[in-house]
Structure formats: structure tokens, C-alpha cells
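Q: I've just opened this one and I'm new to it. Can you walk me through it bit by bit?

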Amino acid sequence: MLLVRVKESVCEDASVTEQILARARAGDEDAFRELTDPYRRQLQLHIYRIVGSAQDAEDLLQETLLAAWRGLEQFRGRASVRAWLYRIATNRSLDALRASRRRPEDLQRMTEVTEPTRRAEAIWLEPFPDVLLEGIADEVPGPAARYEAKEAIALAFVVGLQHLPAQQRAVLVLRDVLGFRAGEVAEMIETTEPSVNSLLRRARAAFESRLPAAGRERAPLPNSKLERDVVGSFADAVEAGDVDALVALLTDDAWLTMPPEPWEYQGRSAIGVFLRDREVRRRARLRLVPTRANTQPAFACYLPGPQTDVALPYSLFVLTLEGERISAITWFADSSFFPRFGLPRRLCRDA
């Protein structure tokens with residue numbers, strides 16, 4: 001009896017979708033929104049994973065929906081609406097990567113830095129606001145997925161993706177994050193199933209070598225007392241200009257990175273030298289506003305101007321926690337994405 005009811009429900013859902021689709025094809029924009037709205041945020045996140053930019057993901061989402069609207073007549077229902085939309089979004093993302101809309105080498109570089117631990121490959125990356133994850137963070141992936149939804153949003157995961165060739169990146173996300181079958185992915189990117197399997201093997205080998213080592217302590221639960229204590233101590237140290245106190249919060253092998261800058265610093269000593277140098281060059285104490293990015297605690301930084309009580313957007317820190325320590329600081333020097341986080345444009349002294 002239960003199986004019969006499930007089949008009836010599936011048939012009813014398909015019938016409703018066909019009705020909405022027919023109205024949309026007739027030019028009903030409300031029907032089109034009803035068809036696509038349930039997928040908007042997950043599509044935006046999907047695009048972000050591939051291109052690494054929240055702004056580009058927003059733009060490409062609009063391109064995806066426009067292409068879907070214009071292509072309704074070509075959609076014959078061989079795949080689900082969800083798979084059809086993911087196909088469009090994936091190909092729009094791959095086209096954007098081929099066009100190299102944002103090139104790290106074209107950006108203004110940080111000059112006169114202290115000696116880094118290593119000079120890594122420059123990648124374009126922006127943080128993703130947690131406010132855009134509402135309603136999709138707990139999305140259940142397909143049965144073939146290898147990664148949990150939260151894990152596949154973390155900065156380390158997205159950074160690892162950006163080091164893969166574009167097509168490998170898309171295949172890994174579609175197969176291991178979203179759980180689409182190899183045949184579905186092959187149809188999406190217009191290739192063969194053996195080619196998808198080959199791309200996936202190479203992507204997994206390269207990608208998994210970049211993920212944090214197994215056996216590390218888990219991060220505290222979001223907004224737990226332990227997380228609040230650690231990030232609160234970090235904020236106090238930064239606002240006081242107390243580099244020693246900040247460094248004491250780090251794990252022995254912590255990393256500080258600054259995408260798209262290639263400079264990377266590992267360990268308390270190297271990070272401490274870099275932060276002290278920045279503190280001297282700024283000649284002013286940063287002021288912080290808490291936020292969250294990529295499911296991780298973060299702080300928007302504001303820098304007071306000379307002889308003024310107003311502090312302007314400066315940068316954003318995203319913290320990776322390990323137990324009661326900080327294992328990574330990702331420093332985004334660009335503040336143009338502050339509005340997407342709902343952050344203030346300036347801070348006055350009494351704010």
C-alpha cells in the first residue's frame with residue numbers, strides 16, 4: 001500500500017510540473033518562477049563552487065535563468081527540471097572559466113610582504129555569505145555523493161576545487177557533491193560516460209591531496225560556547241593590535257593565506273612576523289564586525305581614517321577552527337562583497 005501511495009505521489013508531482021511547464025511555455029512568468037524558484041539558491045551555490053566568486057555566481061545564475069526561460073521549448077522532460085537547470089548552470093560556469101572573466105594576475109598585488117613560507121598558484125576566490133545558504137545547507141544529495149553538504153561549502157573544499165581544471169572541477173561537483181549519475185553528467189557536459197569516469201578519477205586524485213589531513217580535531221559547533229570563546233579572543237586580539245595574543249590562538253601548523261595573492265604563511269612564527277609588519281604599515285587599529293562565510297566564523301575589518309571617527313571597509317577574515325585553536329586564517333583584502341553579507345558601509349566610533 002505504501003509503495004502504491006509513493007507512486008501516486010510521484011505521478012501527481014509530475015502532472016503538476018507538466019501543468020506549470022505548459023503555462024511557462026505559454027509565456028507565464030509567474031509559472032516560470034514557480035518552476036525554478038526552488039532551485040535558485042542551490043544553483044547559485046553550485047556555480048560558486050565551480051567559479052569561486054560569489055559575484056560571478058550571482059551574475060551567472062541570472063544568465064542561467066534567462067537561458068532556461070528562452071529554452072523552455074527545447075526542454076522535453078527527458079531529464080528532471082532540476083537536472084536540466086544544473087546542466088545550463090554548469091555549462092554557463094564552464095564558459096565563464098574559459099573566458100577568464102577574472103584573472104588573478106590582472107589584480108593589484110600586495111607589495112613589500114615579509115618572506116612567505118611558500119608562493120602558491122594564484123587563484124580567484126571570494127567568500128560565500130552564510131545568509132545565502134538558508135534553505136540549502138541541509139539539502140540531501142544523491143546517493144552517489146561522497147561529501148556532506150556542509151563539508152562541500154567550507155573554504156578548504158572550495159579552494160581545492162579552484163586548483164582543478166575546469167571540466168574536472170564540474171564533474172567532481174556534479175558526481176561527488178550532488179550525486180548525479182555518470183550518465184546524467186555525461187549528458188550535461190556533452191561527453192561520454194567513460195570520459196566522465198576518467199575525468200572524475202583524475203579530479204579525485206588531485207583534489208583529495210589538497211584536503212586537510214584526516215585525524216584533525218573537529219571544529220566546534222557553530223555558535224557554540226567554544227566557538228564563541230575562540231573567535232571572541234581572536235577579535236579582542238586583533239582590535240587591541242596584540243599579535244602575540246593572536247598567534248597564541250593558532251595551531252602549530254596553522255596557515256595564513258590571502259587569495260588571490262600567492263603569498264602563504266605557515267606556523268606561528270611566520271604568521272606572527274607577517275602580522276606585525278602589517279600592523280606597523282596600517283598605523284591604525286582595525287575594528288571588527290562578526291559575520292559568517294562558507295559556514296565558518298568570519299570578521300569584517302574596518303580601518304579608521306586619519307583624523308576621523310569613521311572606519312571604512314578594509315578586509316575580511318575567515319577562520320578555520322580545530323578544537324579550541326585556529327588552524328587557518330583566510331584574509332580577503334577586497335571589501336567590495338561587504339553588501340552581500342549585509343555589512344555596514346562604515347563604522348562610526350559609537351557603533
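Q: What does Thr114 touch, not counting residues up to four places away in sequence?
A: Thr114 touches Tyr265, Val273, Phe274 and Asp277. A contact here means heavy atoms within 4.5 Å. This is a predicted model, where local features need pLDDT of at least 70, side-chain atom pairs count only at pLDDT 80 or more, and totals for chains, interfaces and linings use all residues. Residues are numbered from 1 along each chain as its sequence is written, and side-chain values use heavy atoms, with hydrogens and water left out.

Q: Where is Thr114 placed?
A: Thr114 sits in the loop between α5 and β1 (118-119). Helices (H or I, at least four residues) and strands (E, at least two) are DSSP runs, numbered from the N terminus.

Q: Why does Thr114 count as buried?
A: Because its relative accessibility is 15%. Buried means under 20% relative accessible area, exposed over 50%, and partly exposed in between (1.4 Å probe, protein chains only).

Q: OK, zoom out. How many helices and strands does the chain have?
A: There are twelve helices and seven strands. The chain has 351 residues, and 48% of them count as buried. Looking at contacts with a separation of 6 or more, 66% are between residues 24 or more positions apart.

Q: Which residues have the most contacts inside the largest nonpolar core?
A: Phe157 and Leu316, in a core of 76 residues. Helix α5 (residues 81-99) gives the most to this core, with nine residues. By nonpolar core I mean a set of buried Ala, Val, Leu, Ile, Met, Phe, Trp, Tyr and Cys residues joined through side-chain atoms within 4.5 Å. In soluble globular proteins, nonpolar side chains tend to be buried together.

Q: And what is Leu316 in contact with, leaving aside its neighbours within four places in sequence?
A: Its partners include Pro127, Thr291, Phe299, Trp331, Phe338 and Leu343. There is also a second, separate core of 31 residues, and Trp331 is in that one, along with Leu256, Leu286 and Phe317.

Q: How does the lining of the largest pocket divide by class?
A: It has 24 nonpolar, eleven polar and 15 charged residues. Ala, Val, Leu, Ile, Met, Phe, Trp, Tyr, Cys and Pro count as nonpolar, Asp, Glu, Lys and Arg as charged, and the others, Gly among them, as polar.

Q: How many cavities of 30 Å³ or more turn up?
A: Two, in a search of the whole structure. The largest cavity has a volume of about 130 Å³. Of its 15 lining residues, Val238, Leu246, Leu275, Glu279 and Arg282 are the closest to its centre. α12 gives the most to that lining, with four residues.

Q: Last one: where is Arg285, and what does its side chain reach?
A: Arg285 is in the loop between α12 (268-282) and β4 (287-293). Its side chain reaches the backbone oxygen of Ala240 at 3.0 Å. Arg285 also touches Glu279 and Tyr302, among others. With a relative accessible area of 49%, Arg285 is partly exposed.

Definitions and conventions:
Polar contact = N/O pair within 3.5 Å; in protein donor to acceptor, adjacent residues only side chain to side chain. 1 Å grid on protein atoms, 1.4 Å probe; cavity = no way out; pocket = protein on both sides within 12 Å on 5 of 7 lines; lining within 4 Å. Points joined across faces, edges and corners; volume = space filled by probe spheres on them.
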